[in-house]
Each structure stands twice: as structure tokens, then as C-alpha cells.
Amino acid sequence: MQLSRDDLRRAYTRMFTIRAFEERVEKEFAAGNIPGFAHVYLGQEAAGVGVCFDLTDDDYIGSTHRGHGHCIAKGCDVTGMMLEIMGKSGGLCGGKGGSMHIADMAKGMLGANAIVGGSPPIAVGAALTQKLRNTGRVAVAFSGDGASNQGTTFEALNMAVVLNVPAIFAFENNGYGEHTAASYAVGAPSIAARAHSFGMPAETVDGTDFFAVQEAMGRALARARAGEGPSALELTCSRFLGHFVGDPQAYRTSEELAAARGRDPIGLFRRKVTEAALLEAAELDAIETQVLDDVEAAVKTAVAAPPPDINTLETDVYKRY
Amino acid sequence: MSKKSYRQAINEALRQEMRRDASVIVLGEDVAGGQGASGEPGLVGGVFGVTGGLFKEFGPSRVLDTPISESAIIGAAAGAAVTGMRPVAEIMFVDFVGVCFDQIYNQAAKFRYMFGGHATTPLVIRSMIGAGFRAGAQHSQTLHPLFTMVPGLKVVMPSNAYDAKGLLIQAIRDDDPVIFLESKVLYDTEMEVPDEAYRVPFGEARIARDGNDITFVGFGAMVPRMMAVAETLAKDGIGAEVIDPRTTSPLDCDTILESVEKTGRLVIVDESPPRCSLAADVASMVADRGFGSLKAPIKSVTCPHTPVPFAPNLEDEYIPNPRRIEAAARAALRYG
């Protein structure tokens, strides 16, 4: 399907928002403004945006511990996200979730998930709802190369085939599960082959190429919406930073790190659309300026915001003891 | 009103709620049974027949047989619940929660709080509990303390057919995840149960028997055992009050405290190893909030701190039995 200029602008806005947001998270983490852990999505922008590009708010995604990019790709508000990540009042989860648990039901975002392999079974259930209610909507489980080794993922893949639900398993293979390489920890030659063995179509796609991801996702989406069942995508990409912000990455050579930065989804997108004369460089620059302003505003709001009211500690549970 | 077994009461609750609300679905291993086999599907209806007939009435889109994949069962139920369905998932024996506990305590139980109150997860997990079936260490546990310590979960332990029906209907209509623990030794116990749908609220204890001299507190299959001992003590003119809290979470602390205020003596009977049991939990609550009422040390009757044994004589001694309950009561009565 040919993308319009508006589509391309939307794709670039989403991808660059992730880039700018995550680079800012890195800075704010170093500045002490973000409690806990932060796992950033730098280098994977095309995967999340390509998968979510043709989804609506009524389609669902389940995410991972590295979930900021998925939130942005699904349309979550960056100010609400920054407030949440900083543990502030007005955050998407009222400051009770944090970086690893951002959710936004109104956007069909079923939560970042700090348990590796946590989302695939849940996505099967969200897909089951769509099937039983005949909505034509789908549920996507984002997971990584690490989660592809979890038994919960195997169970979810099999169950999705058995129940024939509109689930799409998007495996982002960024080369590392925490601090161990996928080349060591994934016993199968490919994650797509592994998913295929459960009885669903599966393909390996360059996860740094927005266009390749969006096209492959289109095939999976068409199957799912037509009631033809689940599919899987293995999206190969590079993790620019370590497992978490601050990971010194002693286990990666400087050559490898440089090569990872060389597989840049943002640069690739810019090159493709400008070389094909689909968008001008100036238009892309203007998008970047706007996005940087938006992220700056989000950070300012979040830094200035008060923490959650202490009286919310025991709300959102059914009983106090 | 007619005489129904605990099993029939549960089945009727499921059937009536499924008729009332199209978003109620049942899923689990062999809840229909026979899918893909040479014969007709749906004739199994659960390993103990509790979901019998549901497949025939509601069909494969409402009564879903799953692979033997507990994580996927609970995860799918949680995902369906948070997107608008009211799934009743079955974990056949509660012992199997070990392979899916992440989906229970890290996922379903946490969505509401962790997402700032923006998610509801109206999920029921039915499972069978308890020793007495000579089923050995991995098919005989109760495990209610594991669930009770998880914020966000409600935990139900019906002790009779009337409560089983009303509590399950409440569980299905409840917007929080509910663990519904069925005592397999009670499945064939019968009593008068209304034919129409009704709810038994959570967190409201039932005073199964009035008495002024000693308070018994226990859950599920321990209730009939406490009642038997209460009858024995009555022959000696001792009035035992028997409290069935019905739910371990939320726990009706007030009814327990009011009874202890009256009797001054407390025996807690819990089919569980003693450490971190409901016996320990209730004892600590009463020691904290009802200390001034106590005339005697709180006595607990629990299982030993061992896995459930297989040999019938060992298993019979493992479960709190009337002899041990009576001995604990008489020990408490000797004080003051």
C-alpha cells in the first residue's frame, strides 16, 4: 500500500518522538529526575512504529520492560508518560506504575511489562475478546529475543493457534537479552522459524526499516482482521544502549557499538524518503524541531509537577487493613 | 429451592451467569472435554464434572477447552478480562498454579493498582483444593495463604453448597480478580439451595453456630469438622461459636473479634502448613486487636509443616481432624 505524504510525516513524527523522548530519558536519568530503572528503545524505533502504524485505538498491544517506544507508537501522550516515568501526579498511571508499567487503556496499550514473557499470554486473551465479539480488531504482543525463550511465550503461541485468535507476535530481536547475546541464548537458528513451528506464518524482517516492518505487519494484520488467525514477525534491530540506562556494556566491543549505531532507523527513513523525493529534508527537520519542543515541554511539566498525593497510597485496591 | 450438591450449586451458578451475561465465558483444561477426539465433545465437563453440560448449552465459543498450558490459560483470561469479558478460568488442581503464578500475582492482581485505577480485571479462577483423595503431594494442597497474601486478589473458600452458588455468582459479577477455591471433599455434600440466582457478599462471615464459651474459626472443608467438634463439646455443656469467614480476602475481622470478645477463647482450624497460614494470620490479627478479650492462648490446628503424604493413615492424620480440634479446644478451655 502506497503511503501518503501525511502518513510519512506521521511515521517520522512517531519515530523521532521516540528518539527524542528516549535521549531525554537518558539525560533526565543521569540528572537524577527518574527514580528506579529505565530501559530505552533507541535503535528500535522503526519496529514499534511500523507495527503500530495501521492499528487503531481499539486494537490492543502488550509491551515489554522496554516499553516507552511502544507507548509512543500507539499514541500515548508524552507528557503523561514523562510524568509517569518521573513518578509524578498526573502520570498515565498516577505514578503507581512507572517506566516498566505504563499503560493507557484508552489507547489500547495494555501495559509495559517488567516480566519477560509476561505479555504474550495476555495478548492472546485480548485477541480472544476481539474474536468472541467479532470486532475485527487485533492484539499485538511485543516481546524480545529474550522472551522468545520463555515457556509462557511458547504456551501463548500454541494457544493462539489452537483458539485461532487475531494475535500478532512481534519479536524484536535487538541482539541481547539483558547482558547476554541472542546468538548464545536463542537455541533456534531463527525466532521466526521457531514461531512458524507452532503453526503460524512468520517472517523475519529488517526491524530498522519502517517500510519493511509496516508492510510485513500489513500482511499479518490482514490475516488477523479476516479471522485467519495469528502471525509472528521477527524484527531484527540493534540496541544502541545497554540493557538499562547506565549499563557500561563492558560485554560489547566498541566496534560492535559503532556498528549498532550504524543501523539507525531514523537515518534510514530520512534517506529513503528524501532519495525518493517523497518528503523534503526541510520538512523532516521541521518535524524534529516540533518534536524536540514537545519533549522539552513534557520534561518541564514533569519536573515541575508534584508527586502523587500521599493519600493515593491505598486507593485502587478493594480493601484497606 | 431443592436439594443440590456443592458440585451442582457451582454448575448452576455458572449456567445462570452465562445465560444472564454473554461476556461470561469458561475456559480451561477439559472444561468441555473430548475436543478433537473420535466421539462427541463436551461430555467430560471437567475432571470432577463441575462444568458438565455447559458446552452443550453454550457451545465452543463460550466453553473453551485449552491446551494443558496454565500460563496461557490465566494470561488469556486476564487479557480477555481487561478488554471486556468476564472469564471464568479453571486451574484443574490448585497445585498447578506453580506454573502460572506470574500471570496471577504479577499480572491480573496488579493491573488495577499498577495502572492507577484505569484497568478492571473481572476474572474468576476456579480451582480444586484439599487433601483426602489419596492424590499425593502434587494434587492435594490448599494454597489459600499464597493467594491471600497477594494484594488485589479476592480469595473465596465456600464451605457448603448454598455459599458456593452465591459466592460464585458474586465472584463472576465482581470487578476484581477472584480466586475461587472448591474443596473437592465437599463436592458431594448436599443441602437446600435456591433455584434462582443470588449473591453472597464477600467479606461477610457466616456464624455457623452460636456459642458463648469458645470461638472456632476455619475455612472451606474445615467448617463441617469444626461443627462436629462443637456438637461433641455441647454434650459437656460447652457452647462453641463456629465462624466461617467464607473469604480469606477480604477477611471479616470484625465478626471474629466480636465473637472472641464474647467467648475469650479462640481456636483456628486451617488446612495448611502452619507457617504463614491463615491460622497464623487470624491469630496475629486477634492478638493485635483483641488481646484484651483473651482468657487463654490462641490455639491453632493446622497440618504439619510437610508436603501432603500419600499413605491413607498419614494423610488422615495430616488434615486437621476432630480429635486434634477437640484437644485444642479443651486446652484453651483449661485456662482461667
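Two strands count as paired here if DSSP finds at least two bridges between them. Keep that in mind for a first stop in this predicted model: Val24 of chain B has Arg86(B), in S4(B), as its bridge partner. That bridge belongs to the pairing of strand S2 (residues 24-28) with strand S4 (residues 86-93) of chain B, which runs in the parallel sense over five bridges. As a reminder, strands of a sheet pair through backbone hydrogen bonds, either parallel or antiparallel.

Now zoom out to the sheet around that pair. Which order do the strands of chain B take in it? Reading across, you get S3-S2-S4-S5-S7-S6-S12, an open sheet of seven strands with mixed pairing. The edges are strand S3 (63-65) and strand S12 (247-249) of chain B; each has a single partner strand, so one side of each is left without a neighbour in the sheet. On average, and ignoring direction, neighbouring strands here are turned by 20 degrees against each other.

For 336 residues, a compact globule would have a radius of gyration near 20 Å, and chain B agrees because its own value is 20 Å. Buried residues make up 55% of the 336 residues in chain B. As for how the chain folds back on itself, take the contacts between residues at least 6 apart in sequence: 77% of them join residues at least 24 apart.

Next, hop over to where the two chains touch. There, 34 residues of chain A are in contact with 35 residues of chain B. On the chain A side, the elements that give two or more residues are helix H5 (119-133) and helix H6 (151-163), and H5(A) gives the most, with nine residues. Sorted by class, this side of chain A has 19 nonpolar, 11 polar and four charged residues.

Last stop: a helix pair within chain A. Helix H2 (residues 45-52) and helix H9 (residues 210-225) of chain A pack at an angle of about 35 degrees, with their axes 8 Å apart. H2(A) passes H9(A) in a right-handed crossing. From H2(A), the contact uses Ala46(A), Ala47(A), Val49(A), Gly50(A) and Val51(A), while H9(A) supplies Phe210(A), Val213(A), Gln214(A) and Met217(A). By class, that contact has seven nonpolar, two polar and no charged residues.

Key. Residues numbered from 1 in each chain as written. Chains lettered and ligands numbered in written order. Predicted model: local features only at pLDDT ≥ 70, side-chain atom pairs only at ≥ 80, totals over all residues. Rg over C-alpha atoms; globule rule 2.2 N^0.38 Å. Buried ≥ 20, exposed ≤ 12 C-beta atoms within 10 Å, placed from the backbone. Contact = placed C-beta atoms within 7 Å. Helix = DSSP H or I, 4+ residues; strand = E, 2+ residues; numbered from the N terminus. Nonpolar A, V, L, I, M, F, W, Y, C, P; charged D, E, K, R; others polar. Axes fitted to C-alpha atoms, helices over the stretch in contact; angles between N-to-C directions. Left-handed = near helix turned anticlockwise from the far one by under 90°.
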